[in-house]
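Keep the sequence and the coordinates side by side as you read.

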Amino acid sequence: MDNISFKETIRNRLIESAKKYHSHLDKKIIISSESFVLKQEYIIRFYETNFLHLTGVKTFLSPLVFYKKCFDGKISCDDFDCDSTTQLKGLVRLKMSNMINIDSFFINEIEVQEDFEKGSIKCLLGASDNKCTIGFVDAKYCLRPKTILDKNHLDKEKPIIKVVPIIK
């Protein structure tokens, strides 16, 4: 049996994740609750150019070219860095373990928090399925994903609201 390198494993996950991420493109995900304070409803959109940042890998490619190469299965191990430091390797491992499940994130009830903060990350909305947390920031007419974190990182000291997302 051949040993597959960490980088090759990540390459394969990038390809698989891009296809799953694609399921959210051209959709509006509506998160609404009368319990929200800032707005009653948030509309979330996913864009091809947000994919790269969510993976944690480093690359010289533009975010759009990176996504397209991953989606088309043409990304090579020379196109990105995921293991030059122990910190980067750990970050990518955690992000990619959640990215391969991103297509099912909004299927069931999720927990949501307005004004989500984790360390230096500040988002208008944080959402968790208790396996991971996705932070969303303003993109003018909707929210877009900014970060994906392993496990639930919603602040238990602030209101957490359970909602069932509406996908259109």
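Start at aspartate 79. Its relative accessibility is 7%, and it counts as buried (buried is under 20% relative accessible area, exposed over 50%, partly exposed in between, with a 1.4 Å probe and protein chains only). A word on the ground rules. This is a predicted model, where local features need pLDDT of at least 70, side-chain atom pairs count only at pLDDT 80 or more, and totals for chains, interfaces and linings use all residues. Residues are numbered from 1 along each chain as its sequence is written, and side-chain values use heavy atoms, leaving out hydrogens and water.

What does aspartate 79 form a salt bridge with? The partner is lysine 69, and the closest N and O atoms are 2.9 Å apart. A salt bridge here is a side-chain nitrogen of Lys or Arg within 4 Å of a carboxyl oxygen of Asp or Glu. Lysine 69 sits in helix H3 (residues 63-71), while aspartate 79 is in the loop between H3 and helix H4 (86-99), so the pair ties together parts 10 residues apart in sequence. Helices are DSSP runs of H or I with at least four residues, numbered from the N terminus. Lysine 69 is partly exposed, at 25% relative accessible area.

By the salt-bridge rule, the count comes to four. Side chains of opposite charge can pair when their charged atoms come close. Turn to helix H1, residues 6-22. Glutamate 8 and arginine 11 meet there in a salt bridge of 3.5 Å, N to O. Why can these two be set about one helical turn apart? Because they are three residues apart in H1. Glutamate 8 is partly exposed at 25% relative accessibility, whereas arginine 11 is buried at 18%.

Further along H1, glutamate 16 and lysine 20 are four residues apart, again about one helical turn. Their side chains form a salt bridge at 3.4 Å, N to O. Glutamate 16 is partly exposed at 36%, and lysine 20 is partly exposed at 23%.

Now go inside. The largest nonpolar core has 42 residues, and Ile31 and Phe66 have the most contacts within it. Such a core is a set of buried Ala, Val, Leu, Ile, Met, Phe, Trp, Tyr and Cys residues joined through side-chain atoms within 4.5 Å. H1 gives the largest share of this core, six residues. A second, separate core has six residues, among them Phe116 and Leu149.
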